[in-house]
Amino acid sequence: MRTSTQPVPLSKNPERLEVRLKEIPPEPGVYFMRDASDRIIYIGKSKKLKNRVRSYFRDSQRLTERIATMVKQVTDIEFIVTDTEAEALALEANLIKQHQPYFNVLLKDDKKYPYVCITWSEDYPRIFITRKRRLGKPKDRFYGPYTESRLLRQILGICKRIFPLRQRRQPLFKDRPCLNYDLGRCPGVCQQLISPEEYRKTVQKIAMVFQGRAGELIDVLTVQMQKASEELNFEVAARIRDQISGLKSLNADQKVALPDDTVSRDAIALAAGEQNACIQLFQIRAGQLVGRLAYVAEVPALSPGENFMGAILQRVLEEHYQTADAVEIPTEILVQHDLPDGEILADILSQRKGKKVAILNPQRQLKAELIEMVERNAQYELQRMQKLSDRNQQAMQDLANIIDLPELPRRIEGYDISHIQGSNAVASQVVFVDGLPAKQHYRHYKIKNPEVTIGHSDDFASLAEVIGRRFRKYIKEPELQRVGNPDWPDLVMIDGGKGQLSSVVAVLQEMNLLEDLRVVSLAKKREEIFLPGESQPLATEPEQAGVQLLRRLRDEAHRFAVSFHRQQRTNALRRSRLDEIPGLGHHRQKQLLAHFRSVDYIRQATLAQLAEVSGIGSRLAEEIYNYFHP
């Protein structure tokens, strides 16, 4: 007779629950809720852990449907004590990102919203726009995400025209600056004509723009302009005057009507659908709208209720202010719904800013109208997302009808080959999930077929090789196929016609996977779809929704393959001459190129300069020098 070892939920074991609750101290910290399979299903924080955790199990406590469902599944509770509420807030945010608990509010990593990154970890910081927020180096700062990429690029372009910044990633000349220095657009970073300290002061001025402190920057520059004018330094005064004029043009038409335009405010509101919630955060400084940020959160299938809306807003604010500098924190935050832990967040932000930060839920007058405006913008963004989702749904349904699929193709993979007459042959694998690119699943392949060489290409064999490498693990572990495996595609698309498709079908037949995998090809000339074993293409229209979805997939596979091929070709050209030097391996080639930036600079280097490179001794330096100076 077998006995069940499945843990009993704490709500059904009062004695064990009471013992566990008595072990929790009344101190600030973070608590974990685990289910029967030992998964973390909820992570929370509190000023007093004992009181907060006990409140979940009181009969008199009115819980939302989501939290009540969670409490019924809890079989164990763990906790981590911290010294302050601020430490608990930071720890909770990091743990939620790491474990992704089901019952927590999870912000989606939406790639369509861009950030501005300033690399303070470098001596000469770079400023650029990116859609990937990577917190690898703690000194680097990300501002955003911004909703309007065109306006963001315009603002950054104006900043680069106002302030002299490094214009090129790599120096154009070794011993002199380029034309940008003579035009006054670059301070000569490549030749270190400006010190890192002075350059960072210039970058700090641009950072003030993205911190919402453009007005403060204008005041500072005005004082500098007046001082330069009094000292009869009219050229400097004129340059600062132009900088002030450019800064004033950034937010000239973005006035927000509020009675007190001296208070810095953030206003946050959301609009929730069945699956996602769109959140908008307006940054208002001195009565001007200086930034409009956007976030997307997942909404669980359970009915959320108003408390859940407040939890979403709280999660967004914690995420937003976690990496913000003290000067970026406003003195007033207007919220659409009451926050579950609004007092904790307000206290922590007040401590960091050094002055009181108020979190308000306005109900009338101008502040309530501002919240309504933010909510209206969130609603428009939600409608746009839903329209895009509906369009993708229609395209997947149309594609399923065209190919006669039993279900919608949620995961579609596309493959393409890129080379120049066989040289540097590579392949790409791109993935669309629910009709949208899922770049985290993209893959590159270098073609290993020895018969594919310079002057001899074979796209058929190359595609067969790539497909074989992609699906070979399913031969050894057939249980990975189909049901419940997110890595198994519903459809595979090959860029090409009947020949390319036949080569892929042959390798899938050898692997006994053809019956379980749907494969098609899309020919470029007439956008024709071919099925395995069919001599004629399917009867489709080029502008059909399902065909357009395959075209987007094909074009993305082509773009990804070509970019990787160019990278490989560039690397081969860069290292072709260095490969001929005896004793200079791949690792030392990378060290040389990292130091000198190009083969031309290595050729011009002296023997002493070569020997200074890490990993290059005097003997190898002499080999390199003699190679370039026979």
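Student: Why is Glu527 called buried?

Tutor: Its relative accessible area is 14%, and buried means under 20%, exposed over 50% and partly exposed in between (1.4 Å probe, protein chains only), so Glu527 counts as buried. Keep in mind that this is a predicted model, where local features need pLDDT of at least 70, side-chain atom pairs count only at pLDDT 80 or more, and totals for chains, interfaces and linings use all residues. Residues are numbered from 1 along each chain as its sequence is written, and side-chain values use heavy atoms, with hydrogens and water left out.

Student: What stands out about the phi of Glu527?

Tutor: Phi of Glu527 is near 55°, a positive value in a residue other than glycine. Most residues other than glycine have a negative phi. Glu527 sits in the loop between β17 (519–523) and β18 (528–530); strands here are DSSP runs of E, at least two residues, and helices are runs of H or I, at least four, numbered from the N terminus.

Student: And Asp404, why is that one called exposed?

Tutor: Its relative accessibility is 61%, which is past the 50% cut-off for exposed, so Asp404 counts as exposed. Asp404 belongs to the loop between α12 (365–403) and β12 (411–420), and its phi is positive too, near 65°.

Student: How do you know that Arg141 and Glu328 make a polar contact?

Tutor: Their side chains are joined at 2.8 Å. A polar contact is a pair of N or O atoms within 3.5 Å; within protein, one must be able to donate a hydrogen and the other to accept it, and residues adjacent in sequence count only if both atoms are side-chain atoms. Arg141 lies in strand β6 (residues 141–143) and is buried, at 9% relative accessibility.

Student: What makes a set of residues a nonpolar core?

Tutor: The members are buried Ala, Val, Leu, Ile, Met, Phe, Trp, Tyr and Cys residues joined through side-chain atoms within 4.5 Å. The largest one has 58 residues, and among those touching the most other members are Ile127, Phe210 and Ile279. Helix α10 (residues 305–322) gives the largest share of this core, eight residues. A second, separate core has 27 residues, including Trp488 and Leu501.
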